[in-house]
Amino acid sequence: MDVSAPVASPTAQQNRMLRRLVRIAAVVLVIGVALFTAVYLVDQHTDPGPSLADRKVATLEQAVRADPQALAPRLQLAVAYTAAGRSKDATNQYNEVLKESPQNVTALLGKADILHMAGDTTSALALYQQVISVRKDGEYAGADTELEHAFYSVGTIETVARHYAEAIAALEAAVRINGADADAWYQLGVAQLGAGVPDKAVAAERNAVAFVPLEWADPYTTMAQAYTALGKTDDATWATAMTDLIAKRYDKAGPALQPLLGGPAAADASLSLGFLAEMQGDPAGALAWYRKVLALDPQNASALSGVTRLGGGSPVPSASSSNAPAGSG
Amino acid sequence: MNPIEPAAPTPETAAPALAAADHAALAAQAEAAAEAEAAAEAGLPQASGAAAGAGAAAAGGAAVAEAAGAGAAAGAGDAAGAGAAAAGGAAVAEAAGAVVAGAALAGAVAAGSGADGAAGVLALEAEERRKRRRLTLVLALLLILITLLTLVSAWYLIFRRPLTDLLPPTSQNAPPTYLFSIYDASKPVSVAVSGAGDRVYVAQTAGDRLVAIFDGSGHELGDLQPPADNLPHTPANVAVDPRDGDVYVSDRATGAIYVYSSNGSYLRMFEPKVPIPGWQPLGVALSPTGSWWITDLSAPYHRIEVFAQDGTLTATIGAAGMFDFPNMIAFDATGNAYVTDSNNGRLVILDPAGQVLATVGRGAAPGNLGLPRGVATDPTGRLYVVDATGQLVHLYRAGTSADWRPVFINEFGSEGIGNGQFSFPNGIAVDSRYRVYVTDRENDRVQVWGY
């Protein structure tokens, strides 16, 4: 026996073999994971290709090249550029249209909107005013949505500039054309609050939230300020609670509303508590609150709507089924 | 006894060795090499082995050293075995035996550093054993992972579903993400898809007003041509029979449902066995029990009719005024039906017999609906409802017998023309891979979403 040559113990030999196996298994696992990941990603992924906006732009660019004198494709291209965030290209197209047709309202409004968005309110205001002068005496001025848009934009710019009288005039013109424009009603409320007529501001904001009672906190913020200015603390508390409700701060809204139930804002508070119950998944509780509102204010549209949709006296009959014989349908 | 084999510890050998241990401890270490040499001179068989035994004993404890010292009478092999036993048991004895077998130790002893070398070897051996345990564990873990990977890969290659499907259904609350769009559809209102997702049928209400057939990647393959009868055809709703892949197309304008094979050949018309005057079929869905549920907008009031395969009317659901443009129907695994009662702004949940279980309507709660149109379910229990005016798709989990109202879990989509944005979405379908197809009507496309 050669005692001078080092010989590994059986354990060491086993370990060497185990190490080899571990290495092989690790390599197999890594390769397997990599392969599976690659197959999975390739199989699950599909190249989305050009976006719809890019596709529209490409089609319209082709149309403009085919007939450079035609204004309609240029206007459509300008709209597509705007949608794709290419404001400069859009403005170039509007300018091309305005060269041919200086009174083109679509081009004037499109260019004005881009300037307004970019913060150049002076230039934008001039273009909106131009639209108003072109359209205000038109045959369909009372239903002209482009004219309404121009009035609304003028009102917004003038409100920010604190030219409240001009703003109110423009916004009142806007809501005369489209009484369902919640944005215009909201801006009108802001302008009236700025002009120092908080009671009118409250009325305007009430109109604004009539269409979107639960998705938009800004009108309630203005309303709270207006009620505070009028010294109506309960109403101001209710309006502030509504901003909390919309922001899903239920823990603030609920406790703020409860104390109002015995005061002048009881109907509003009850309605809000109904909304709160509904938002928290308690339709039975909501229904009870809506009924309380109707006891205080039988014509309250939001409460009537709530009772209807929650099945408490719905005009839609409760569903029934008839397993009718063949042909009876 | 062969000294290279470990001796089994016995009371007779262990006791004296233990008794002498303390006295011999120091001497043993210092004299280990000399003792080994003495053992060799005594003519003991395999002296180097005996010395090794002594060395091992010195490393492991004084008792072994003493045993080695007494080795002239007892035999170095036995002494080594006794020492090993005294040092702590069979395991160490075995180790010692193994070490004895090692020529490396003999070399170390011969070099005059036997005691320290043997101690190191024992430590090394113990370390090797620890390594063996660790390596065995690592190997077992790797083998488990490889097995898992193999199973997951096989599952995926068979079903091609997203990996999230392996999670418990109740944890699958995330919305799908936008994948791609099928463009060039003209005002598409309804979509159906084959189980494997390789055929997508899109009902178009503008352009040629046909049901277009696309492959799973969005390449148009052809269309479904209605019978040449000179009637003003407009497909309203399209459904696939999962049993044979046949495609059912409702044509409200002509009061008919046309049936096509999966490759687009016209087969026949589905008709009520007893004609229904002014029949206006809109939504078409096959129940799990094999009956056709069809929403009918004809006079005297909007309703759902249930037909057997041969067109026999077996039930009518909905009293006068209950439904206002019931649009589409989907079923869950239990056979409950989900009907979008569009102009009432609600989703009506019916049991298989047509009794109302619950509704989801307009209101303030999350997941409440504006103008519900398309509806679909998937095997995980997710329920998809398209809200055309909300410009999005609501995602619910089906309710339970405790409360049949679906539980809102998420939503996806917003208004616009970008990827994942809608302009009046309408129809919806889900394939077996959980790809979600939504007709984006005013954007003239079908969006495909996935998990």
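This is a predicted model: local features need pLDDT of at least 70, side-chain atom pairs count only at pLDDT 80 or more; totals for chains, interfaces and linings use all residues.
**Exercise 1: two helices**

Work out how α8(A) and α9(A) are oriented towards each other, and which residues meet where they touch.

*Solution.* Start with the axes: those of α8 (residues 164–177) and α9 (residues 182–194) of chain A come within 9 Å and cross at roughly 155 degrees. Now use the cut-off: angles over 145 degrees count as roughly antiparallel. So α8(A) and α9(A) are roughly antiparallel to each other. The handedness of their crossing is left-handed. Next, look at who's touching: residues of α8(A) including Tyr164(A), Ile168(A) and Leu171(A) meet residues of α9(A), among them Trp185(A), Leu188(A) and Ala191(A). Sorted by class, this contact has 10 nonpolar, three polar and one charged residues.

**Exercise 2: positive phi**

Find where Arg160(B) and Phe424(B) lie, and decide whether each is buried, partly exposed or exposed.

*Solution.* Take Arg160(B) to begin with: its phi is near 55 degrees, which is positive even though the residue isn't glycine. Arg160(B) sits in the loop between α8 (114–159) and β1 (177–182) of chain B. Because it has 17 C-beta neighbours inside 10 Å, Arg160(B) counts as partly exposed. On to Phe424(B), with a positive phi near 60 degrees. Look for Phe424(B) in the loop between β23 (421–422) and β24 (425–430) of chain B. It has 18 C-beta neighbours inside 10 Å, so Phe424(B) is partly exposed.

**Exercise 3: a peptide bond**

Say which form the peptide bond from Ala299(B) to Pro300(B) takes.

*Solution.* Check omega: it's near 10 degrees, and the bond is cis. Then place Pro300(B): it lies in the loop between β11 (292–296) and β12 (303–307) of chain B. For background, most peptide bonds are trans.

Conventions: Residues are numbered from 1 along each chain as its sequence is written. Chains are lettered from A and ligands numbered from 1 in the order in which they are written. Helices (H or I, at least four residues) and strands (E, at least two) are DSSP runs, numbered from the N terminus. A residue is buried if 20 or more other C-beta atoms lie within 10 Å of its own, exposed if 12 or fewer, and partly exposed in between; C-beta atoms are placed from the backbone. Axes are lines fitted to C-alpha atoms, for helices over the stretch in contact, and angles run from 0 to 180 degrees between N-to-C directions. Angles under 35 degrees count as roughly parallel, over 145 as roughly antiparallel, 65 to 115 as roughly perpendicular and the rest as oblique. A crossing is left-handed if the near helix is turned anticlockwise from the far one by less than a right angle, and right-handed if clockwise. Two residues are in contact if their C-beta atoms, placed from the backbone, lie within 7 Å. Ala, Val, Leu, Ile, Met, Phe, Trp, Tyr, Cys and Pro count as nonpolar, Asp, Glu, Lys and Arg as charged, and the others, Gly among them, as polar.
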